[in-house]
Amino acid sequence: MKSTLLFSLASVLLLSGCSQQIQSTSAPSQAITSFYDYQLLSPTGLPLSLSTLPNEIIKADVILVGEWHTHAAVHRFQTDLFKELSATNPKLALSMEQFSRDKQTVVDEYLTGQIGEQTLMSDANAWPNYESDYRPLVEIAKAGNRDIIASNAPKPIVKCIGQQGINYLDKLDAMETSWLAKNIDVSESPYKSKFLASMHHGDEEQTQKQFAAQMVWDATMAESIVDYLIEHPDSQVMHIAGKFHIENGLGTAAQIIKLNPKLNVVIISPTENITNNNTDYQLEVLSPPKRFVKKENMMKAYKGLKNRNNNLVCK
């Protein structure tokens, strides 16, 4: 089994003949004036160009590219980066939060031309923004005969864990269990503290269940990537996922290192506030529009989401 919510990173030019060309030199900073503009910067705020990336990115085993879902500039960057990497690295694979393990066969069938795009979208439960935001990545992979890792856990199972807690795993059969990471750690951690602090609704018990669902998501994506690298030594994986899942070395990033501390993992996170002491490479973009101005509108939206989840039939 191989192959959205939050965001980004980079890597390129593995060929030895290009080694003299690639250096950690700065590039002219690009003006960020629209939702199509981006500028990649180092953790220290140094502007970078996709054509002259630092060795830390070029030699990374895993490149975690965070995203704000549906952000045009972020998706443009992901496509530009993967296209650039694909042109020079014959052992590059794409891992996607947007497809789950149980749909790996469907993804593979599309990549080999056995099914069309509409079948891919329907049978693999593609996200609503697939055509606008993820199609370019998939088509680059398909044209280059590159693997796509459907790395995520199935959303219905994740939602049921969010409703019933980690003990829901005991209700799954062997096949369903194979679609999830073997080890799900919900103990105290910096990531758990960050997650709990981000939750502005629901009671403590429900929030703990939601964190369990989050960890199933993160641990499964991490295990999918690590397992792929075990089966394909010397490969490089570019993984795209929501920003929250990867930034500051937490979430999926921490789970990857837990599974294999020897892997060189690089992180790119979108931000509108550039600093000179970040842990991640920074992708400068405009901040997404404010989702809610009035509290009552926010609570109405959350209530609607809760009602939809309550309609889900779990075991």
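Let's start at arginine 101, which counts as buried at 4% relative accessibility, where buried means under 20% relative accessible area, exposed over 50% and partly exposed in between (1.4 Å probe, protein chains only). The model is predicted, so local features need pLDDT of at least 70 and side-chain atom pairs count only at pLDDT 80 or more, while totals for chains, interfaces and linings use all residues. Residues are numbered from 1 along each chain as its sequence is written, and side-chain values use heavy atoms, with hydrogens and water left out.

Side chains of opposite charge can pair when their charged atoms come close. A search of the whole structure finds 11 salt bridges, each a side-chain nitrogen of Lys or Arg within 4 Å of a carboxyl oxygen of Asp or Glu. One of them joins arginine 101 to glutamate 223, with the closest N and O atoms 2.7 Å apart. This pair links distant parts of the chain, 122 residues apart: arginine 101 is in the loop between strand 4 (92-100) and helix 3 (104-111), and glutamate 223 is in helix 9 (residues 204-231). Helices (H or I, at least four residues) and strands (E, at least two) are DSSP runs, numbered from the N terminus. Glutamate 223 is buried too, with a relative accessible area of 6%.

Next, look at glutamate 117 and arginine 135, whose salt bridge has its closest N and O atoms 2.8 Å apart. Here helix 4 (residues 117-123) supplies glutamate 117 and helix 5 (residues 130-143) supplies arginine 135, 18 residues apart. Glutamate 117 is buried at 19% relative accessibility, whereas arginine 135 is partly exposed at 31%.

Back in helix 9, lysine 209 and glutamate 205 lie four residues apart, about one turn of the helix. Their side chains meet in a salt bridge at 3.6 Å, N to O, and glutamate 205 is exposed, with a relative accessible area of 53%. Finally, salt bridges that share partners join Arg101, Lys182 and Glu223 into one network.
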